[in-house]
Amino acid sequence: MSSVPERSEISAEHKWDLDSLFASVETWEERYESAAAQISDLEEYEGHVTDDAETLLAILRLREDVMRTVSNVASFARMRRDEDTRDQDAQALLGKAQTLISQASSAASYIEPELQQSSTEQLEAFMEAEQALAEYDHYFDEVLRMKPHTRSAEVENLLAELGEVTGASGEIYNMLTNADLTFPAVEHDGDEISITQSNFTKLQQEQDRELRRKVYETFYGEWETIRNAVGSSYKNSVKADVKLARAHNYDSAREAALDSSNIPVSVYDNLLSVVRDNLDLLHQHAELKRDSLGVDELQMWDIYMPMVDSETPEIPYDQACEYIIDAVAPLGSDYQSRLTKGLDSRWVDVYENKGKQSGAYSGGTYDSQPFILMNYQDDISSMFTLAHELGHSLHSEYTSDSQPYVYSGYEIFVAEVASTVNETLLTHHLLDTVEDENLRRHILNEYLERFRSTLYRQTMFADFEHQTHKLVEDGEPLTPDRLDGLYRDLKKEFYEPAVVDDHIAREWMRIPHFYRAFYVYQYSTGISAAVALAEGILDGGDDAATDYIDFLRGGSAAYPLELLRGAGVDMASPEPVEAALSVYGDYLDEFASLQ
């Protein structure tokens, strides 16, 4: 196995094109200074938001100018840092950008409290007097909806200024686990094998079971050395969530997190309930895996293993791109051509390098092309991850093209639908077209693993988050031992046929999404909605595809549940989750029939 290269060893064609955002750090600095000046201008309007329609429009337009610039500045800095988290200059850029974000948020914090002092009738009168305000109709509705949870301008300004502090736990965790944490190499059969966060899962798919065990124990053994630091970091992150929720008059941090997207907590509860009622399917999957591996006991270092007795087929990056382009054809020629152009335009930072941020994400801004961070490993899992992130990127493209800046973002609740539709279409395409039986079996296995890791694993994470926040809300201590115990109990419940050991009880330590509280449940609701939509697109032809593209164009111009209803899925009901689990069960039965 080759060692991880330095970034300078990666070819330019496999790096994202950050020059398209800022040609140089000097240009970035100029825009930084420009944004800082605009922030001062924005502060001068405090107390005048509802003076008249013309002033209101001027304030909203100025805020948008500020936030667009800040977004570009922050996005560039974050991506520069993510290229190599060891880079001190990039860390300094990101630090400046984060300060700017906090300053901009603070400077604009008076706008919504002042708007909330007006009435629906007054805002409607403003929209009649100044036609350009009409595009803010849904925004005004959202602002008034949040009135019970918005404090005075003074308090909101203080909370905004504290943004860097309340988010510090996540930043400390990120630097600790990406820049500082390294794993000992494993010696096996005369070879020295490097372990990183990015290649851990791939190493857990090696056919040699003894190697998997060594990697597993070494990996989690190293996490144990920073257990108290990570435990303290997570405890304080949860405390910040709880205190901010109380500051905004919410009964719980969960309610606060979901209400930002106008999602009732019943959606969360439905998910936990339906998944728990169907744990027998996950147990069936675990038993299938145990049988396919021919082992008496399924250990935690067996969990990622394919249920196929051959090596995982290699999928080079170029081949993955070709498969994905073909797979999205049912979404129409425009979608397919946009995706193809993006792959050819250096949207993607493809391969792992030393110090690079682990995982994958789709980023960018309203004014930029999308940017995708990958750590591509030439395997089926990486191909599906690429399809996933391209779903996010195309969502951003369609939204930016169709919506004004005020609605250019979109909630994670709908974002995870767009990404998972791509995964589902890719699975259907490969199972329909690939003739290599070994590859087909691996694809079916991968799709089952996606269900396991997305619908079940993320729901387990969501349950963990719910419990940890509830403990803090009830005044209970959140110690590393308590966190281990909670996580171990959940792991035992979800993976009943497998052996749950002390190492896996610390898996919570390596989940960065926990620092964005109540985020992960949306992966589970996302796959549920995506399966329904993809089936409709494949069965319903052009009309279903058109409805789906309209959904992508919607941005945040309507609430998430409304957008999904327009596309044909009602996530307020448990039915989509039940239907997705039924599909999972069908695929498990199909795989069992191939044994």
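Visitor: Which residue lies over the face of Tyr 398?
Guide: Arg 338 does, at 4.3 Å from the ring centre. A charge sits over a ring if NZ of Lys or CZ of Arg is within 6 Å of the ring centre and within 35 degrees of the ring normal. Lys 96 lies over the face of Tyr 32, at 4.5 Å.

Visitor: What should I know about the model?
Guide: It is predicted: local features need pLDDT of at least 70, side-chain atom pairs count only at pLDDT 80 or more, and totals for chains, interfaces and linings use all residues. Residues are numbered from 1 along each chain as its sequence is written, and side-chain values use heavy atoms, with hydrogens and water left out.

Visitor: How many aromatic pairs are there?
Guide: The count is 37. Rings of Phe, Tyr and Trp (its six-membered ring) pair if their centres lie within 6.5 Å; planes under 30 degrees apart are stacked, over 60 edge-to-face, the rest tilted.

Visitor: What kind of pair is Tyr 234 with Phe 514?
Guide: Tilted, because the planes are at 45°, with the centres 5.9 Å apart. Both Tyr 234 and Phe 514 are buried, where buried means under 20% relative accessible area, exposed over 50%, and partly exposed in between (1.4 Å probe, protein chains only).

Visitor: And Tyr 351 with Tyr 376, what kind is that?
Guide: Edge-to-face, since the planes are at 75°; the centres are 6.4 Å apart. Tyr 351 is partly exposed at 23%, while Tyr 376 is buried at 4%.
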